[in-house]
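Here are a few exercises to work through with the model open. Try each task before reading its solution.

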Amino acid sequence: MDTQATIHKARALFPRGLQQPQGSLRFGADALLLAAFAARQVEGLSPARRNALAAAELGCGCGAALLGLALRCDTLKGLGLDREAPLVQAATANAQLLGLADRLHFAQADLADLRQLGRLPEPAGGKPASFDLVLANPPYDVAGRPSPSRMRERALRAAQGESARKNTGADAPEVSLTVFCRAAANLLRHLGYFCCIYDAAALPRLCAALDDAGLGLRGIVPVRAYASRPAMRVLALARKNAAHQCVLEAPLTLHSAQTATDGAHWSARALRFCPWLA
């Protein structure tokens with residue numbers, strides 16, 4: 001099979017077939033919903049802005065969200081950042097598999113080190129720290145039994161580096177989210193966009209972290225499993241150096257009614273919003 005045929009097959013299979021290091025936190029629907037949410041934002045821009053768009057993903061893992069965004073937006077150039085070297089290596093390999101290595105690059109970075117972030121090159125050329133869009137799926141820091149895998153545990157609950165704790169004096173849950181929001185603000189150009197997915201129950205924490213970082217909340221899409229249940233996630237859109245002016249959209253219901261015989265099915269709206277869920 002030639003290279004183009006291999007790339008075509010990998011893209012047709014996406015998100016299946018991505019490399020994920022043993023012991024890492026496996027990506028799931030959250031990463032795919034984030035990619036679709038960010039793509040919707042990009043597609044709403046003018047053609048001139050879309051054609052010169054530079055994006056970054058914080059805590060990119062194996063690259064699923066940034067890869068999905070690049071597949072939807074064929075002129076986007078991006079940089080994925082993660083502190084775990086095996087995940088950076090896997091994301092780089094996945095970009096190569098999908099024929100995106102010319103547009104996407106991945107690097108190891110401590111998000112708490114703002115000086116290091118300020119030296120990162122913007123993938124479309126130009127000066128550092130001038131990204132149009134940053135996306136992230138920060139750790140939700142939900143209490144639970146510790147994972148035997150250090151890499152997985154750090155992705156679920158750990159703060160981003162000891163420097164974050166020293167600088168903020170906060171406990172781990174606030175440190176993780178605060179570091180992600182401050183890193184996003186550091187990388188974004190003036191009025192750039194930040195897209196993230198977070199635990200719905202911790203929405204007040206997210207609002208506080210965005211405000212602390214100078215990111216004005218512009219929109220929220222609640223995400224729920226079934227129409228009869230409360231939201232479990234929120235997709236949030238914020239803008240650097242902008243006032244809070246939040247539009248609360250109708251909830252995105254992921255599944256149609258569940259029955260004892262055939263289980264749960266993705267709803268038609270969920271599949272329109274994010275076809276990769278299928």
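**Exercise 1: aromatic pairs**

Two aromatic pairs turn up here, counting rings of Phe, Tyr and Trp (its six-membered ring) with centres within 6.5 Å; planes under 30 degrees apart are stacked, over 60 edge-to-face and the rest tilted. Keep in mind that this is a predicted model, where local features need pLDDT of at least 70, side-chain atom pairs count only at pLDDT 80 or more, and totals for chains, interfaces and linings use all residues. Residues are numbered from 1 along each chain as its sequence is written, and side-chain values use heavy atoms, with hydrogens and water left out.

Task: classify the pair Phe 14 and Trp 276, then place its partners.

Step 1. The ring centres are 5.5 Å apart and the planes sit at 85°, so Phe 14 and Trp 276 are edge-to-face.

Step 2. Phe 14 lies in the loop between helix H1 (3–13) and helix H2 (29–43), while Trp 276 is in the segment after helix H11 (268–273), 262 residues apart. Helices (H or I, at least four residues) and strands (E, at least two) are DSSP runs, numbered from the N terminus.

Step 3. Phe 14 is buried at 6% relative accessible area; Trp 276, at 15%, is buried too. Buried means under 20%, exposed over 50%, partly exposed in between (1.4 Å probe, protein chains only).

**Exercise 2: the other pair**

Step 1. Tyr 140 is in the loop between strand S4 (131–136) and helix H7 (150–156), and Tyr 198 in strand S5 (residues 188–199), 58 residues apart.

Step 2. Tyr 140 and Tyr 198 are both buried.
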